[in-house]
Amino acid sequence: MGSRAATTWRLAGCSGRGVLRDAARRRGSSLRGGGERAASLSELLQSSVGDEEPGEGEAAGGRREQRSPREGTVLLFPGQGSQFVGMGRGLLRYPGVRDMYRLAEKVLGYDLLSLCLEGPRAELDRTRHCQPAVFVASLAAVEKLNHLQPKVVESCVAAAGYSVGEFAALVFAGAMDFAEALCAVKVRAEAMQAAAEAVPSGMLSVIGRREANYKYACLEARRHCESLGIDSPVCEVSNYLFPDSRVIAGHIQALEFLQENASKFYFTRTKMLPVSGAFHTRLMEPAVEPLAEVLKSIEIQKPLICVYSNVDSKKYMHSKHIQKLLVKQLVSPVLWEQTMHSIYQRKQGMEFPYTYEVGPGKQLGAVLRKCNLKAWRQYSHVGVTEEEEAAET
């Protein structure tokens, strides 16, 4: 499979699915959405994918030509918490972006663009709103990147998304349709907010010393909750960010206990995150069925490039695999640190690919720096505001 991961959602008016895949199959026929740019993308796909079936080139003429790692790119898609009022303003001049927001308004039933540009912040920060907002802004940032540096998008070999960012990564990779994926994100966000509101819970960011034992700390916190009369308390690691950094999620009482006893557990810094619930724990179980049902109604295809799952830090293999793990992700910890190792692991002396964080915020870049300094040196951020536009030019 070629590594030309050109945007698959834009050229079909934001609602088509798998334009990259369809174009490769049609070998030059016009794409849905038409136009010169669609035709040129079709030609690009022919040259990058070719007419051979997977493995055909190897069987007929030996091994394929190996490209330098530096010639490929990696795209990272942010998750909930990266949103801010004003995001997206710097993207509106790029082709297709306003169409994306118009389609989003139809799918969501409210004016997402106005909410992103004007707030209020309290509304944008609500789980039901910020997840679709980050999803659309991230794919709009890909549109900007494709307009300014098309070679970066064309040469993408891998993608990963943090939590809800995984949906954007899969849309970019041609596995899901933009509108259908946004519908799933809407259902996911609303179900997660409802689950969060059912139980007083939250998430605690923790930086620990080498001696820190996170499992033991969570066990002690659960015992504390039991002493308060809380049945089946939840307190567990929900995000692995970088070495010595975790996010612990669960009942509020458990998190407060950990903060009060931080020194006992060798935590050097703790901070409550501005989220409404214990995401990626079993407290999200009420959200599992709604997401599973909507995913059953969506056509999912194998990604055209490597997309790594939050659940096991491995590449998605096929459509059923995607459907299963997107649901499991709700109640499983995000293995982001492990995912960074999977993407950037290479033999000593090999070059690292150029990495682009597409969407609001630079959190994933900061995490990459902690996980792999050499890989981070090839990192860039694709901004979503006018101020970032000015700084980039």
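Predicted model: local features only at pLDDT ≥ 70, side-chain atom pairs only at ≥ 80, totals over all residues.
Q: How do strands of a sheet pair, and in what order do the five strands of the open sheet stand here?

A: In general, strands of a sheet pair through backbone hydrogen bonds, in either a parallel or an antiparallel manner. In this model, the order of the open sheet is E7-E2-E1-E9-E10, and the pairing is parallel. Strand E7 (306–308) and strand E10 (379–382) are the edge strands, each pairing on one side only. On average, neighbouring strands of this sheet are turned by 20° against each other, direction ignored.

Q: How many bridges join strand E1 to strand E9?

A: Four bridges connect strand E1 (residues 73–77) with strand E9 (residues 354–358), and the two run parallel. Leu-76 stands opposite Glu-357 in E9.

Q: Which helix lies across E1, E2, E7 and E9?

A: Helix H15 (residues 336–344) lies across these strands, and runs at about 165° to E1.

Q: Is Thr-73 buried or exposed?

A: Thr-73, which lies in strand E1, has a relative accessible area of 4% and is therefore buried, the cut-off being under 20%. A polar atom of the Thr-73 side chain lies 2.8 Å from the backbone oxygen of Val-152. Leaving aside neighbours within four places in sequence, the contacts of Thr-73 include Val-152, Ser-155, Cys-156, Tyr-354 and Tyr-356.

Q: When can side chains of opposite charge pair, and how many salt bridges does a search of the whole structure find?

A: Side chains of opposite charge can pair when their charged atoms come close. The search of the whole structure finds 11 salt bridges. One of them joins Arg-102 to Asp-99, with 2.6 Å between the closest N and O atoms. Both residues lie in helix H4 (residues 97–108), three residues apart, about one turn of the helix. Arg-102 is partly exposed at 49% relative accessible area, and Asp-99 is partly exposed at 37%.

Q: Where do Lys-151 and Glu-154 lie, and is each buried or exposed?

A: Both lie in helix H8 (residues 150–154), three residues apart, about one turn of the helix. Lys-151 counts as exposed, at 62% relative accessibility, whereas Glu-154 counts as buried, at 12%.

Q: Which residues are linked in a network of salt bridges?

A: Arg-128, Lys-186 and Glu-190 are linked in such a network. A further salt bridge is formed by the side chains of Arg-126 and Glu-123 (3.8 Å, N to O). Arg-126 is partly exposed, at 29% relative accessible area, and Glu-123 also counts as partly exposed, at 30% relative accessibility.

Notes
Residues numbered from 1 in each chain as written. Heavy atoms only, no water. Pairing = 2+ DSSP bridges. Axes fitted to C-alpha atoms, helices over the stretch in contact; angles between N-to-C directions. Contact = heavy atoms within 4.5 Å. Buried < 20%, exposed > 50% of the residue type's maximum accessible area, 1.4 Å probe, protein only. Polar contact = N/O pair within 3.5 Å; in protein donor to acceptor, adjacent residues only side chain to side chain. Salt bridge = Lys/Arg side-chain N within 4 Å of Asp/Glu carboxyl O.
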